[in-house]
Amino acid sequence: MPEAEDLAALQALPFAVEVAGSRARFVIDMAVLGHTDAPDPSGRIGDKNSQNYFALDTRGDSYFVAGLLYPGGTIPKPTRPMPVSAFRGAPPKLNNEVVWDFTATKPIGHHFNRGWVLINGSQPGLDTRGTTVDLPRQVPHLLGTHSFFFGDFSADQLSPPMLIAKGVENGNDPDDEVVVRAIAGGTGPFRFARGSCRQDRIGRNTSPLRSFSNLGDVMSPNYRFTFDLLL
Amino acid sequence: MTDASRRTMLGLAGSMGLLAAGRPLLAQSNTMVMPSPADWLNLTPDARGIVRFAIDVAVIGNSDAIDPSGRIGPKDSQDYFNIDVRGDTYQVEGALYPGGTIPKASVMTPGRPGGKSSVQYQINWDFKGAEPVGHWLSRGWVLINGNREPAKDTNGTVIETARTEPHLLSEHNYVFGRFGPDNLSPEMLISSGVEDGNDVDKEVLVRAITGGTGRFRFVTGQVVEWRNGRNSSTLRSFSNFPGAYAPNYRFDFELKLG
């Protein structure tokens, strides 16, 4: 059971937390900031100069990207299936609609995502005897660690309360993209937290991703995270 | 007497000295006693089931390995606070000591020419005072965006401005033992969080415990990271700027072991 001081800290967070015994549930929205998208292909197995990620072995790339946090429900759900012009021939999808332009409200915190790329769009891998040991696999795209900081940074508050979630993410169909991430730890009222969070797409926003800069504007995705924690 | 029991005896002597003097003890033969973690790590829980202990870390500046290959801004610059450094990765190591080994910084010392003075700029550790009892391994990403030009979306809306602290987003491994062929993975703890600010006197960080091994294999909790002066090694990431001595840290752990 959370102690009184931890319950007070949960209530002081800038979003609603449903607490029942030791269980806590809440929802957070996040808009990826496309200009912070920093892939590093220096360790890539395949061609380091290509952005044709799905036709080469992109494994070995690391990446960092930041996002802005909002209370759950802030970012509206998409309603109109839309194409992405950079992805020629791909059918329109609900979660391609740009539903967030950063003007409606201020964020309540920061999201940092870093990790490695999992996409192998290349040939099958063979061992020394010619046996196939690895087949091309295009989903999921990333293996990453998310840090959710519930507050802004300042000289007097370098580390607001936070949670960490680890797992894979991103598929090839944005309307069928649901992943579950493991909670690896937290601070403040979340310092003894364990659990998981579900990650759903909710459209795109008005900032283009740097990692697709050669293909034109590919707008950054938004996500909804539904946390289920034991405190 | 077996080697293990001898080490325990020496360790007990060492930890008794540590209790008495707040510093590890030099044995009569002038060889350093290295207490085993079992001797200096007090893992007795309090009435709420919480375990608390402290360690000291001296960052080893010459292990500071920064990789700017993914950086958003100019990759050949060390002018970190005027460019967007995000995308940089790094790895750095430190020497781990029982809490209280590194004396508390107390002498006001200038940081860089024209900059402020602080006790946190004092060089209060030169690695001769004690042998480390473990390793500290830190790696992660740089968070500094010193680009004064605000970032805008496709509509021209400002969506982000410069932010120069915290500096890093990192994972720490606290390894409670020294690596060797017969000791490749001593018991350890892992934490994750941000670190480093622009005012060394305000630099207090809270990091999440994300796992551990040995007695820590079912752990949850957090750790508070405090600055404690600097040491006699210099940081490679500031090699263009003389006198950038590596920091020391105190880590105060608050854990539930399972």
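## A tour from Phe102(A)

Select Phe102(A), which counts as buried because 20 C-beta neighbours lie inside 10 Å (buried means 20 or more other C-beta atoms within 10 Å, exposed 12 or fewer, and partly exposed in between, with C-beta atoms placed from the backbone). This is a predicted model, in which local features need pLDDT of at least 70 and side-chain atom pairs count only at pLDDT 80 or more, while totals for chains, interfaces and linings use all residues. Residues are numbered from 1 along each chain as its sequence is written, and chains are lettered from A and ligands numbered from 1 in the order in which they are written.

Stay on Phe102(A) and look at its backbone: phi is positive, about 75 degrees, although the residue is not a glycine. Its place is in the loop between β5 (98-100) and β6 of chain A (strands are DSSP E runs of at least two residues and helices H or I runs of at least four, numbered from the N terminus). Now move to Phe127(B), another residue other than glycine with a positive phi, here near 70 degrees, in the loop between β5 (123-125) and β6 (134-142) of chain B. Phe127(B) is partly exposed, as 13 other C-beta atoms lie within 10 Å.

Select residues 142-149 of chain A, which form strand β9, a mostly covered strand with 6 of its 8 residues buried. On one side, 8 bridges join β9(A) to strand β6 (residues 109-117) in an antiparallel arrangement, where Asn113(A) stands opposite His146(A). Another 8 bridges join β9(A) to strand β10 (residues 162-169), again antiparallel, and there Leu142(A) stands opposite Glu169(A).

Now colour Val57(B), which, leaving aside neighbours within four places in sequence, is in contact with residues including Leu96(B), Trp136(B), Tyr249(B) and Phe251(B) (contact means C-beta atoms, placed from the backbone, within 7 Å).

Finally, show both chains together: the contact takes 38 residues from chain B and 34 residues from chain A. On the side of chain B that touches chain A, β11(B) gives the most, with 7 residues. The model scores ipTM 0.91 and pTM 0.90. Chain B averages a pLDDT of 87, and 86% of the residues score at least 70 (pLDDT is the predictor's confidence in each residue, from 0 to 100). Over residues 1-31 of chain B, however, the pLDDT is below 50, and this stretch has 37 contacts in the model beyond near neighbours in sequence.

Technical notes:
Contact = placed C-beta atoms within 7 Å. Pairing = 2+ DSSP bridges.
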